[in-house]
Amino acid sequence: MKFDAVVIGSGIAGIWCAKFLNEKDFKTLIITKNQVWDANSFYAQGGVTMALDEEDVPLHIEDTLKAGVFHNKKEMVEILSKLSLKLKEEIMNYGFEFDPEITKEAAHSVSRVYHAGGDATGRELHKFLLKKDNSFLIDETVVFDLLIKDDTAYGVSVLRKGEKFNIYADNVILASGGIGALYKFDTNARTISGDMQGIAVEKGIKLRDMEMTQFHPTVFIEMKTSQKMLLTEALRGEGAHIVDENGERFVFEYDERGELAGRDIVSRAIFMHQQKGHKVFLDVSMFDEEFFKNRFPTIYNKLRDYDINVPHEKIPISPAFHYFMGGIEVDCNSKVPGFMNLYAVGEVANTGVHGANRLASNSLLECFVFARKAAQNIIKENFKTKKTDFDINNEELFKEKDKYYKNLLREHMWKNVGIIRKESGLKEALDFIEKTIPELGRLAKLRFYTAREIVKAALERKNSLGAHYRKDEHA
């Protein structure tokens, strides 16, 4: 079984990359761990950031760099913003329609965020792109190894319905998403567990900014599912307030921008306020009910299911893990350095555009821009692998206590490698991870490898920077 290109992951980055490959008659296979819609893209409530015009590009670049605390790769941010100018026209020419109103979100200087379906941009884009996709697809399939020899990727080893087999390809595109399942509270799709980053550790593929884990400040966590409900940044951008049980808008004590400060600042403010014994809510009472129902239909309907009478009743909130700025390092074409034909796009990649803290709604933009660049480079180089057979890794994939240890990991990561980090807590987490790895089946081990890299990077960065906040220096 051999393809011109194999894409691991069925989110927007993977599908958009496949689109351009398919147009050039590349035989492309998309592999997805569960169902095709079980990707972070599908759940993205925020929109797509796109610079308004040539004059807005420098301002968008500045906003992105400021949000990232200037830890970004500036040349990559410039690529991101400049190519966003063409993206709106390209997506619309493809047949997709955005909502007429362009909105402003936290840390943006102007309104430049495009939405669809109110608070369902990711879902609408994902559904649209899937309908248009011409790739081969294999679902309910777990990638448990990369077939690598010297500087070339030859394909992947997969598990499907109890059977292990290899799939070969001339090009391998990693689009498997972030690390949500490593944390007790997260907003990610249930399949997002950092496996591919773990394989990268194993294969010696360079990872970057692993300590940069972004927590979304406004999440409804009072639900039984592991995936918690994000309350989009657009709510605050359009006037919602963060308050405590006394109605105090306490975030202004931490930053003069209040609710519209960067996500790292707002998350810390809420977390610290909760540590003092306060309850925290999102007040949406300033919205007319009909407007709220139409503008934020997903949030309206889901919260009503939980008997929260929005917009009249305040919504209890907490921060939760949301987005991973770190990942597999790539160049400006999303190619993994040192490899002839290995690429990474979307959240699994570290392009450097987000720096130490992602600007709201730049993530979907990154998916589109760098997925296309990856496809263009694959088409241009037209690399072909020589026939090479690989033995299938016979390591035990699952062990009896994997689930128990994975849940313990989520507790450790939330407690010790979360919004506020201390050296003692980080060392405690690292000790637990190191001691547990030998007890695990391969798939659980991969996520522990990823967690270990996050903890080690957090220990190495002694000073606070963006989403990485060390309390030792302020103790």
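Predicted model: local features only at pLDDT ≥ 70, side-chain atom pairs only at ≥ 80, totals over all residues.
**Entry 1, helices H3 and H4.** I looked up how helix H3 (residues 56-67) lies against helix H4 (residues 74-93), and found that they pack at an angle of about 135°, with their axes 9 Å apart. That angle makes H3 oblique to H4, and the crossing in which H3 passes H4 is right-handed. From H3 the contact draws on Val 57, His 60, Ile 61, Thr 64 and Leu 65, while H4 supplies Lys 74, Val 77, Glu 78, Leu 80, Ser 81, Lys 82 and Leu 85. I sorted the residues of this contact by type and noted 6 nonpolar, 3 polar and 3 charged.

I then turned to the largest nonpolar core, which has 70 residues, and in which Leu 174 and Tyr 183 touch the most other members. Helix H14 (residues 442-460) gives this core its largest share, 11 residues. Beyond its neighbours within four places in sequence, Tyr 183 has contacts that include Phe 215, Phe 321, Trp 414 and Ile 454. I also noted a second, separate core of 47 residues, with Val 77, Leu 129, Cys 367 and Phe 368 among them.

I located Ile 179 in the loop between strand S11 (172-174) and helix H6 (195-203). Leaving out residues up to four places away in sequence, I listed the residues Ile 179 touches, among them Asn 188, Gln 197, Thr 213, Phe 321, Phe 324 and Ile 454. I also recorded that the C-alpha atoms of Ile 179 and Glu 423, which lie 244 residues apart along the chain, are separated by 22 Å.

Definitions and conventions: Residues numbered from 1 in each chain as written. Heavy atoms only, no water. Axes fitted to C-alpha atoms, helices over the stretch in contact; angles between N-to-C directions. Helix = DSSP H or I, 4+ residues; strand = E, 2+ residues; numbered from the N terminus. Parallel < 35°, antiparallel > 145°, perpendicular 65-115°, else oblique. Left-handed = near helix turned anticlockwise from the far one by under 90°. Contact = heavy atoms within 4.5 Å. Nonpolar A, V, L, I, M, F, W, Y, C, P; charged D, E, K, R; others polar. Core = buried A, V, L, I, M, F, W, Y, C linked by side-chain atoms within 4.5 Å. Buried < 20%, exposed > 50% of the residue type's maximum accessible area, 1.4 Å probe, protein only.
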